[in-house]
Amino acid sequence: ESKYKVVFVRHGQSEWNLKNIFTGWHDIPLSEQGHQEATLAGQILKQKGYSFDLAITSVLQRSIQTFNHMAEELQIHHIPIIKSWRLNERHYGSLQGLNKSETAALHGEAQVKIWRRSYDVRPPEMSIDHPDYPGKDQRYKHIPPSSLPKGECLKDTVERVLPFWTDTICKAIIEGQKVIVSAHGNSLRAIVKYLDKMTDEQIMELDIPTGVPLVYELDANLLPVKHYYLISQEELEKKMQEVKNQGKAQQN
Ligand SMILES: Cc1ccc(S(=O)(=O)Nc2cc3c(c(O)c2O)C(=O)c2ccccc2C3=O)cc1
């Protein structure tokens, strides 16, 4: 029997998704389509009678903007928002800012193939003189340098998201708060992998569609009873195709 519900939304398209560039922690805004996807997600949630007491986002504007659009549709601008780096997208290290051809030119197709298929192989670390070096960004000043990612494999992302799921998101759910999480492709994969006990291979196969509310119903022990997207089947299939085509790399 499901006792709790939590809703996840992967933010919509950003400018760099359009250009197939590794985005990671680069704080890029949503594209026009991305804004529209977020508004639609809010409309679907309103239509289905959802409301929330707490919003949880990353510290990247594309996830915060996505929540803001949903808040507009649901008229819940007043609810508290927890923003955490732990929900940030996977950090792509020195690849951030590169497009597909630059990546292959710099590292070769063979290395790209390895990265593409690996769960625990990191990209090259971001050097201190990279414009996006997190150690220089004020929003990360409270994070001990040793915990600050400079290039993550998917395993790293899972390992820094899960403590936040347990300590912060689950705590709010148990308190009876209705929580909406607006985050990124890989940070949501981390939570879904854990909830559905997926293998490393399975999670790499899973593409979470952008801008579609994903509802998890949990039992009294916060174990998933069922999950579903708030979207019609044909809409979902269309979305899944889009997300497959949208730049193979999960760099949202
Ligand atoms: C920006 C971009 C570069 C490469 C591609 S791809 O067509 O070669 N496919 C691809 C490539 C990668 C990846 C990927 O999923 C992918 O489909 C990765 O996940 C990845 C993770 C960490 C480092 C590098 C990669 C990676 O190069 C797509 C988009």
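This is a predicted model: local features need pLDDT of at least 70, side-chain atom pairs count only at pLDDT 80 or more; totals for chains, interfaces and linings use all residues.

Biologist: How many helices and strands are in the protein?
Modeller: Helices (H or I, at least four residues) and strands (E, at least two) are DSSP runs, numbered from the N terminus. From the N terminus on, the order of elements is β-α-α-β-α-β-α-α-β-α-α-β-β-α. The protein has 8 helices and 6 strands.

Biologist: What is the radius of gyration of the protein, and why does it agree with a compact globule?
Modeller: The radius of gyration is taken over C-alpha atoms, and the globule rule is 2.2 Å times the number of residues to the power 0.38. Along the principal axes, the C-alpha atoms fill a box of roughly 50 × 40 × 35 Å. For 252 residues, a compact globule would have a radius near 18 Å, and the protein agrees with this at 17 Å.

Biologist: What percentage of the residues in the protein is buried?
Modeller: A residue is buried under 20% relative accessible area, exposed over 50%, and partly exposed in between (1.4 Å probe, protein chains only). Of the 252 residues in the protein, the buried share is 52%.

Biologist: Among contacts with a separation of 6 or more, what percentage joins residues 24 or more positions apart?
Modeller: Contact means heavy atoms within 4.5 Å. Among contacts in the protein with a separation of 6 or more, the share from residues 24 or more positions apart is 76%.

Biologist: How many aromatic pairs does the structure contain, and which residue is stacked with Phe22?
Modeller: Rings of Phe, Tyr and Trp (its six-membered ring) pair if their centres lie within 6.5 Å; planes under 30 degrees apart count as stacked, over 60 as edge-to-face and the rest as tilted. A search of the whole structure gives 6 aromatic pairs. In one of them, the centres are 4.9 Å apart with 25° between the planes, and Phe22 is stacked with Tyr92.

Biologist: Why does the pair of Tyr50 and Phe52 count as stacked?
Modeller: Tyr50 and Phe52 are both buried. Their ring centres are 6.3 Å apart and their planes are at 20°, so the pair is stacked.

Biologist: Is Glu217 buried or exposed, and which side chain makes a polar contact with its side chain?
Modeller: Glu217 is in strand β5 (residues 214-218), and its relative accessibility of 10% means that it counts as buried. A polar contact is a pair of N or O atoms within 3.5 Å; within protein, one must be able to donate a hydrogen and the other to accept it, and residues adjacent in sequence count only if both atoms are side-chain atoms. Leaving aside neighbours within four places in sequence, Glu217 is in contact with several residues, including Ser2, Tyr4 and Lys5. At 2.5 Å, the side chain in polar contact with that of Glu217 belongs to Tyr228.

Biologist: Is Asn88 buried or exposed, and which backbone nitrogen lies 3.2 Å from a polar atom of its side chain?
Modeller: Asn88 is in the loop between β3 and α4. With a relative accessible area of 0%, Asn88 is buried.

Biologist: What is the phi of Gln75, and what is that of Lys197?
Modeller: Most residues other than glycine have a negative phi. Gln75, in the loop between α3 (61-74) and β3, is exposed at 52% relative accessible area; Lys197, in the loop between α6 (185-195) and α7 (200-205), is exposed at 65%. Neither is a glycine, yet phi is positive in Gln75, near 55°, and in Lys197, about 50°.

Definitions and conventions: Residues are numbered from 1 along each chain as its sequence is written. Side-chain values use heavy atoms; hydrogens and water are left out.
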